[in-house]
Amino acid sequence: MNKHTAPLWARRIATHALILGLAALAPVSAAHAHAWPTQPLKAIVPFGPGSSPDQVARIVGEKAGAILGQTIVIENKPGASGNIGTYAIANAKPDGYTFGVSITGPLVNNTLLFDKLPYAPATDLSPLTLAVHQPNVLVVPATAGIENIGQLLDALKKNSDKYNFPSTGAGTVSHLAVELMLQQTGARATHVPYPSSPAALTSLLSGDTQFAALPPIAVMPMVKDGRLKALAVTSSKRSALLPEIPTLAEVGVQGIEGSAWIGFVISSKVPADIQKKLSDALIQAIRDPEVTKRLQAQFMDPAATTPAEFRAYMDDELKRWEPLIKKLGIKGQ
């Protein structure tokens, strides 16, 4: 009996068996994603404990973990302007259980600052969602006797060799916003990179550095208790969370716009369906009213986006900062 003379019932069984066989050979990522996650997740932070990315990871991670039904454990991996931790995210086992947060430098500008990176942000990492925007705040120690931006710029022009400013790493907004201000005003100062905003702030309070543009979460408590003086924010318009602090444009320094944004990313090798499930959970978490309240209490403006929107924003950031980086010949440290 051949296939042409076999009874109809036999041919139906054979066809059904073939379909089952093909299904068994099909990718199982959809089923995997349906079951995922079945164990705790890890969120890598490329900066130190207490830094802005660390705070975002903990606040958002707590809610996202509840949405996913698993704990999200935070692991800090600071160093090399965020490259060490961001590489760890890109190089993690692509099962979706390891992801992380990062910022402008390691996700965008470090491609210009370093001759060679151990990862390629555009191809080795997939965006999950932008998380927050925050304007850096330009501050000086209250004991410096500097009351406004004009006095700071005068001091920098007269005694540039005595003024250092810290940042959270070469090529971050805390670095580039100051460099742009110096370039546009003819002032000079020496840049000193640190692995996190708390470390940069410590240098400012100890006198190793003399002024800084740092995330508000790091400096505003000390502005409020009188240890620091806030001179301006680096955003193009006043922050609704810091309405009392003028922009640099308002105090006479035009053309500076810099957001110390933070976003979630994952290895691009992770199956797309798992990426989407994690992205959806993170977006839902960021938009949760209680999470929004907690982020705003840290002077952060929640800004959840789709992965495609986050990718487009990073492309825009590269275009924004590339001319300055190339003009000044800034290199990573």
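Start with Q210. Leaving aside its neighbours within four places in sequence, Q210 is in contact with V140, P141, K162, Y163, N164 and L204. Please keep in mind that this is a predicted model.

Where does Q210 sit? It is in the loop that runs between α9 (197–206) and β8 (212–214). Two polar atom pairs involve the side chain of Q210. In one, a polar atom of that side chain is 2.7 Å from the backbone nitrogen of N164. In the other, the side chain of Q210 reaches the backbone oxygen of G207, at 2.9 Å.

Two packed helices are described by the angle between their axes and the distance between the axes. For α9 and helix α10 (residues 216–224), the angle is about 35° and the axes are 9 Å apart. On the α9 side the contact is made by S197, L201 and L205, and on the α10 side by A218, V219 and M222. By class, that contact has five nonpolar residues, one polar and no charged.

Now the empty spaces. Rolling a probe the size of a water molecule over the atoms shows where empty space is left.

The largest pocket holds about 380 Å³ of space. Its lining has 18 residues, and those nearest the centre are H133, P135, S235, K237 and D301. Helix α13 (residues 307–328) gives the most to this lining, with four residues. The classes in the pocket lining are five nonpolar, seven polar and six charged. Why does the largest pocket lie between domain 1 and domain 2? Because domain 1 (41–134 + 259–328) and domain 2 (137–251) both give residues to its lining.

There are also two cavities of 30 Å³ or more. The largest cavity has a volume of about 150 Å³. It is lined by 17 residues, with I103, Q134, T168, P215 and A260 nearest its centre. Eight of the lining residues are nonpolar, nine are polar and none is charged. Both domains give residues to the lining of the largest cavity, so this cavity lies between them.

The second largest cavity has a volume of about 40 Å³. Its lining consists of L138, A177, V178, M181, A213, T234 and L248. Here α8 gives the most, with three residues. The lining of this second cavity divides into six nonpolar residues, one polar and no charged.

That is the end of my part.

Terms used:
Residues are numbered from 1 along each chain as its sequence is written. This is a predicted model: local features need pLDDT of at least 70, side-chain atom pairs count only at pLDDT 80 or more; totals for chains, interfaces and linings use all residues. Side-chain values use heavy atoms; hydrogens and water are left out. Helices (H or I, at least four residues) and strands (E, at least two) are DSSP runs, numbered from the N terminus. A polar contact is a pair of N or O atoms within 3.5 Å; within protein, one must be able to donate a hydrogen and the other to accept it, and residues adjacent in sequence count only if both atoms are side-chain atoms. Contact means heavy atoms within 4.5 Å. On a 1 Å grid over the protein atoms alone, a cavity is a set of points where a 1.4 Å probe fits but cannot get out, and a pocket is an open set with protein on both sides within 12 Å along at least five of seven lines; lining residues have an atom within 4 Å of a point. Grid points are joined across faces, edges and corners, and a volume is the space filled by probe spheres set on the points. Ala, Val, Leu, Ile, Met, Phe, Trp, Tyr, Cys and Pro count as nonpolar, Asp, Glu, Lys and Arg as charged, and the others, Gly among them, as polar. Domain bounds come from an automatic or database domain assignment. Axes are lines fitted to C-alpha atoms, for helices over the stretch in contact, and angles run from 0 to 180 degrees between N-to-C directions.
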